[in-house]
Every structure is written in structure tokens, then in C-alpha cells.
Amino acid sequence: MRTLLLTGPGGTGRTTLAAATALAAARQGTRTLLLGTDRDDTLGAALGMRTGPAPALVEPRLTVWRPDPAQGFRDGLAALQDRAASALDLLGAARLDPEELTPLPGADDLALLRALREAALAEAHDLLVVDLPAASRALALLAAPEELRRCLRRLLPPERQAARALRPVLGRLAGVPLPTGALYETAARWELELAATEAVLADRNTVVRLVAEPGPAGADAVRTAALGLALRGLRTDLLVANRVLPEDVPADSWLGGPLAQQRKALAEWQGTYDVRTVPHLGRDPRGTDDLAALGAPGAAPDAAPGARPGAAPGADAHAAPVEWTVTDRLAEDGVLVWSIPLPGAVREELDLVRRGDELAVAAGPFRRTVPLPSALRRCTVDGAALRGDTLTVRFTPDPGLWPRGR
């Protein structure tokens, strides 16, 4: 199953483009599921129909689904109360009724991640098109599974589950019952769910498509979003320039200025990204006829970046995600080099911190902490440099830990 995640700056017609892309794929014969994220039915406004928590058929081979985060939050908290019943009774806590609950901040994002995982693993469709939130929120959302798994492993290491056998003895010594294994069982279940979601995002059939209006603000937003995606190792397939003005605008028209800015932004983008343009219809698209008139690029573009010469259309649309590679330069320079692709990174906004077997990388407003490859854990950091769009980190083997003879 192919997964296409659409995001971009707010107010650029991202939701409309998601609907148009899904519609185009369905009319080409692909069984497509369109997943919405907004609480307001902006997706339904673009499609010309209501959408909601029950999947609805738009037309043959196109289904739309907009999960209800409130219901998911209520169901999840009710299940948690049931599993923690003994601890709540020990504390004398009163149960909360589902009807009195309102979603906490972040419930929307968790509901979307759950829906993304369920839709991708169900394999009921050939294509999943996801209308992600605006880029700033979408980048935090896409980082959540990896970051939450890391926190769980630090707070509740799996190896400590062996201590459950000692709880009865410790409980008698302490004089009060200690927490049961439900906490670790819950953590293990969360770990599995987060790992499944992370696997969907890291899958070679998952790509992110950026949508932006060509102009100064759009150029800045695209540059920032591309850096955040690269730091997460997520691959983009296209940059869709939306609401492009016609070239035949009279020179004395008030649109002359915006058109000049548009041309400049498009020229800059075309030197860096695989850019596709979508025209401005002169109105807000409403209904499937307007969506079809946009001519949105397909889910599998004919010429993916880095496509093999002579390959069939769309053959390389499933290329592997961005890789952080380790190069052995021990014989030449006595170091191992870890190469981290960071397009658009600025030297003054980079920071590296090593903590044990992890490396924290900060690039602009983004930060990611990753485990070091096994070979690099036996090394010390010797330095780093930004060359073009790649950050290279040099590691020197620690003589006390490095195998003899190497």
C-alpha cells in the first residue's frame, strides 16, 4: 500500500489538493482512502459532501474518512481506567464517566496517528492520501512515534519487568500492595502501537508531498519544512506550487507584483525540487468537478527525483527513505564519518550533543535524538562540518573499546 502525506504552510489549499489528488487516483482505477484531520469539515467543503467518523463513499474507488478524536479519547481513557482499576481503588479515586470527558490537547494528533496506522495496516485500499495539518504541526506529529518510544524506553525499560517477580515480597516488606504489572503491560502495548505507526512512516512506500503558494513566505516555509523532514529521514516526492496565476496578466494590473514574486519563487524551487504547478481557478474549488479541473499531480509522479534512466513511469516512486550512512575512513584518516543529509541547514543553527550511546542533532527549530550505530558507540566525537547539504560527523575509535587489530 502506498501512503501519501500532504502538508505545507497553513492557508495554501493543502486540503483541497489532498482531495484533488485522491480523486485523480481513484478515477485512474486506484482504490483510494482519503484521511482527513481537521475538526472542521474542510475536507467535506472541498468534496461537496459531509465527512465524519464513518467512512463515506465519494464515488467508485474513493472513500473519505475523518476520525472523531473526542470519541477516541473517551474510549482510550475508559479502557485505561478499567486496566488500572486496582490502583484507583487503592487510592480511593472516583471513576470518570465517558460523557463528562473532553479531549485534552494533543488528542487530535494521537487520533490521527492511530487512524493512519489502522488504515495502512488494514490493506483495504491501494493508496492512502492523508491531509496532514499545517507543516509546523505536521512535523511535530510525524516525530511523535519515535520520540514517545524513546521516552517509554527511558522511563520503563523492558528489562525491569523482571522485577515483577519480587513485587509480592516487596509488598509484604513495605506493608502496602505495590503496583501490578499492568503498568509495564500498558507500556508494552503502547510500544507495539507506536512501533507500528513508526514503521508506516518509515516504509519505502510512504512519501511526503509539500504544498505551498509560490512567493517569499511560501519559499521560507518550504525551506524550513524540507529541513525538518530531512532531519527525520522522511522523503518528499514533489513540491506542488498551488494557486499559480496565469502568465497573461496585463503588465499594468495590480496582479503584476504578485506574478513577479511567483516567477522568482518558482525559478528558485525548480533548481532544488521536483515542482508541479496547479492553477488558480479564480474561486475556491467546491465539488468533484472543480477538483478535477485543478489537474493535480498523480499519486505516483511520472518522473520521481533520481529516477533511473529508461525506467517505467512511477518505477522509482517507492525509493528508499533518506539514509544516514557511515563511511569507513580508518585507513586514510583514522576516523569513521557519519553523513547526515540536511538540505537548507545553516551552520550557525546547527548543534550536536552526545549523551552516552545517543546523538542529539539540532537544526534550526528542529531537534532529533538518535541512537548511534554500534561501531560509533565505541568511538569519541572528533568534530563535525557542514558541506553543502550534508552534515558530516567524524568519530575516532576509542583504543580501550575498539577491537585489536582493526
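**Stop one: the rings**

Search this whole predicted model for aromatic pairs and you get two of them. For one, select W324 and W338: the ring centres sit 5.6 Å apart and the planes make an angle of 70 degrees, so this pair counts as edge-to-face, the cut-off for that label being over 60.

Now show the secondary structure. W324 is in the loop between α11 (288–293) and β9 (325–329), while W338 belongs to strand β10 (residues 335–341), so the pair ties together parts that are 14 residues apart in sequence.

**Stop two: around the pair**

Together with W324 and W338, F395 makes up one aromatic cluster.

Next, pick R368. Look at the face of the W324 ring and you'll find R368 lying over it, at 5.1 Å from the ring centre.

**Stop three: T325**

Step along to T325, which lies in strand β9. T325 is partly exposed, with a relative accessible area of 39%.

Which residues does T325 touch, leaving aside its neighbours within four places in sequence? Select V337, W338 and S339: T325 is in contact with these. So W338, the edge-to-face partner of W324, turns up again here as a contact of T325.

Conventions. Residues are numbered from 1 along each chain as its sequence is written. This is a predicted model: local features need pLDDT of at least 70, side-chain atom pairs count only at pLDDT 80 or more; totals for chains, interfaces and linings use all residues. Side-chain values use heavy atoms; hydrogens and water are left out. Rings of Phe, Tyr and Trp (its six-membered ring) pair if their centres lie within 6.5 Å; planes under 30 degrees apart count as stacked, over 60 as edge-to-face and the rest as tilted. Helices (H or I, at least four residues) and strands (E, at least two) are DSSP runs, numbered from the N terminus. A charge sits over a ring if NZ of Lys or CZ of Arg is within 6 Å of the ring centre and within 35 degrees of the ring normal. Buried means under 20% relative accessible area, exposed over 50%, partly exposed in between (1.4 Å probe, protein chains only). Contact means heavy atoms within 4.5 Å.
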